[in-house]
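Subject: Structure handover

Hello,

Here is the structure I promised to pass on. Please open it alongside this message.

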Amino acid sequence: MRNGVLGDIVDSSPTWVGPPSLPYKGPWRDALYPATTMPEGTSYTTFASSNATRTNVVYVGGNDGFMHGFRAGAYLANGQFDTTGSIAPNDGTELIGYMPSSALATIHSTNSYTDFSSPSYSHVLSVDATPGTGDLYYNGAWHTWLVGGMGGGGNTNGPIGDNTTTATGGDIFALDITNPGNFSEANAGSVVIGDWGPNGATISCVGNTPANCGNNLGNTYGTPIVRRLHDGNWGVIFGNGLNSATGTAGIYIMEVSSTGAIAFRFLDTGYGPSKDPLSASNKNGIAYVSSADLDGDHVTDYVYAGDRFGNLWRFDLTSNNAASWAVTSGGPLFSTPGGQPITTRVTVTSSLTGNNPGRVMIDFGTGQQLPQTLTGPAIYASGTQTIYGIWDWNMSAWNALGSAQYVSVTAPQTITTAKLQTQTATDVAGSNGSISGYRTVTQNKICWAGSATCSPSTSNTQFGWQLALPDSGEQIIYNPTTAYGLFVVNTTIPAVNQALSCSNQPPTGYTMAIAADTGGAPSSSFFASATNNYVSANGAIVAGIGLSAVGTPSFVSAMTKPYMVNQTSTGVGAVTQVNAGANGIGQRLNWIKLR
C-alpha cells in the first residue's frame, strides 16, 4: 500500500543545480584550431553574474514516474546563502515534475503487477537514473540543461535482471532549466527540449550510421555529460546503455548547433553479442562516459568508456569535422580477462613527474549489479573483480597536433594483464566507531614501457596496474572519483543471502583511496587526520576503511579541513576527515561537478 505522495528513490542520486559556476572563462579559444570563431566569447561571466541569485533546485528521479525538482533556497548576489528565504525559501517545495515518455507508456499497464494504479502493483523501477546537468551556448545565449535517462526503468515487464532480454524502456530526455521561474505547465513547450523514447524510437542519426540507429539505445544507466566540441557545436554525450535491440556498445553525441537545432551521431565500437567472451547470447553496451580535455581549452578531445564485455574504449573527437569522429582504430585499449564487466564511470587523469610530459591514466573497477525484478533478487557479477589503471600509450597523433604533450610509445601495442604491475590488498581486522575493518595495499613500483624506470632496461614493459578485490563477491558498482590526486571508490561486498526478504542483511564494503598512477597505497594514508588514527595496520599504510558506503564519495571543506561524505548501506551518513596531503599526483583532465 502506498501512503506517500512521493515515489521511492532508489538508484537516482540527487543532483543540485544552483548558480552557474563552471570554469568557462573567456576569451575562449580552441587550442587545436585557434582560427575558429568562438561565439561564446567572454559571455559566461555575464551569464553567471545575471543568474547568481537564481533558485537552487535539487533534481532526482523517482519510481513514481517523474523527474522531480525541489526548491532549495538561493544565494545572494554576494555569494552568501539567503538564510531569510527572501529570494527563494529553502523548503523542498516541488517546482517541476516531468514524466518521460517511457514512464508515460508503462505506468498504466494491462499487467496488474506493473500498473502503478493497481491494488496488485508490485514495485518496479521507473525514472531510476541520475540526471546530468551542464551549461551550453546556442541562439546567442547561455542555457543550463538537465539531461537524463531511466536506468533500469520504463520496461514493459518491469526491470531486466539479465544480459539477454531486449529493453523496452530506453529513453533520453532534455530539459531547459536555466530559469526555474519558468517552470509551469504553460511553459512546458520551452522547458522540454526533447524526449527520445521509448527505446530511442524518435532518434535518427546523421553521418555514417543508419536511420534506425535508435535501435542501439538500451536502458540508459549512465549520467550524460554536456561538453564543447571541436566542430564548433556543443553536445550531450552518453553511453548507448544496456540491453539494446542491437546489443552493441557505442556512444551517442547529441549535437546542439548555434541555432539550437539537434542532431544525433552514434559512434559504434562494433562489439556486439558475437564478441562476448562468455556467451554469444549476451548483449553488450556502455553505461557511463568520461571526457578528456588534454590541453585545458574546455573543448573535449577524447571520450573514454568501458563496456559490459570488459573492453576499455577511446573515442577520438579531435577533428573539427564531426564526420571524422570515431572509436580509435585498433580495437579496445584494454580488455579485462574473462570479460569482467565495466558498468561504472572511468576516471581520466594525468600523472606528472617533475617537468616531464604527463602520462594519461584511465582507472576503473569491474563489476555489475543486475536489478531486483518482479520474480528475483538483485544479481551480482560472479568471479573475482579488479580495479585497473591503464596507461593510454597511444598519444603520438595527439602530440603531433602541437599542443600539450603526453608520454607515448610506438604503435602497435597490446596491453595484457601480464604487462600490468600487480598490487595486493589485505584486510586487517579492527573497528573504530562506524569503521569496521581496514585495508592495506602494496606499493610496488611500475616499470613503464619505453622508459628507464627500472634496471635492467629490458624489464620496462608495463602499461599500468591491477588490484584484485580480495573479498568474496566484492566488486565496483558505484562510480569512482578522483580527489586530491587519488583514485577513490566505494566497493561492494554483496550480502550472503539476496532473497526477497525484509530481514535481508545489507551489503558491506570498503572505501579505498589509492594512487591513480600506480594503484598502490599513497605515501601517507588518506584516512589519517587529527580526528582519525587510520595511519597504518600491521606496519602498512591504511588505503581503505570499512564504511559499507554506497554511491560516489563527496568531498567538502569545513573550517579549512577536508571531509569525505558518504551514505552507507544502512541509510546512515558517514563524515570522515581526510588527509589532503596524501601525495597523490593524478590530475583531472576535465572538470566534474561535485556539488
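Predicted model: local features only at pLDDT ≥ 70, side-chain atom pairs only at ≥ 80, totals over all residues.

**The four-stranded sheet**

Start with the open sheet of four strands, ordered β9-β10-β11-β12. Its pairing is antiparallel. β9 and β12 (262–268) are the edge strands. Each has a single partner strand, so one side of each has no neighbour in the sheet. From one strand to the next, the twist averages 25 degrees.

Look at β11 (residues 250–256) and β12 in particular. Seven bridges hold this antiparallel pair together. Within it, isoleucine 251 sits opposite leucine 267 of β12.

Valine 289 lies in the loop between β12 and β13 (290–292). Is valine 289 buried or exposed? Its relative accessible area is 3%, under the 20% cut-off, so valine 289 counts as buried. Leaving aside neighbours within four places in sequence, its contacts include Ile225, Ile237, Phe238, Ile251, Val303 and Arg345.

Next, go to β27 (residues 486–490). Five of its five residues are buried. Which residues lie on each side of β27? Leu486, Val488 and Asn490 are on one side, and Phe487 and Val489 are on the other. Both faces are covered. In a regular strand, side chains alternate between the two faces of the sheet.

β27 pairs with β26 (residues 481–483) in the antiparallel sense, over three bridges. Threonine 482 has phenylalanine 487 as its bridge partner in β27. The hairpin of β26 and β27 has two residues between the strands. Tyrosine 484 takes a positive phi there, near 55 degrees.

β27 also pairs with β28 (residues 511–515). That pairing is antiparallel too, over five bridges.

**Backbone geometry to check**

Most residues other than glycine have a negative phi, and most peptide bonds are trans. Please look at these sites with that in mind.

- Asparagine 199: phi is positive, near 60 degrees. The residue is in the loop between β8 (192–195) and β9 (225–228). Asparagine 199 counts as buried, at 18% relative accessibility.
- Asparagine 538: phi is positive, about 55 degrees. The residue is in the loop between β29 (536–537) and β30 (540–545). Asparagine 538 counts as exposed, at 73% relative accessibility.
- Alanine 411 to proline 412: the peptide bond is cis, with omega about -5 degrees. Proline 412 is in the loop between α4 (396–399) and β23 (421–432).
- Serine 455 to proline 456: this peptide bond is cis, with omega near 5 degrees. Proline 456 is in the loop between β24 (435–441) and β25 (464–468).

Last, threonine 570. It is found in the loop between β32 (561–568) and β33 (573–577). Threonine 570 is exposed, with a relative accessible area of 55%. Its side chain makes a polar contact with the side chain of threonine 568, at 3.0 Å. Arginine 308 is 262 residues from threonine 570 in sequence. Their C-alpha atoms are 28 Å apart.

Best wishes

Terms used:
Residues numbered from 1 in each chain as written. Heavy atoms only, no water. Buried < 20%, exposed > 50% of the residue type's maximum accessible area, 1.4 Å probe, protein only. Pairing = 2+ DSSP bridges. Axes fitted to C-alpha atoms, helices over the stretch in contact; angles between N-to-C directions. Contact = heavy atoms within 4.5 Å. Polar contact = N/O pair within 3.5 Å; in protein donor to acceptor, adjacent residues only side chain to side chain.
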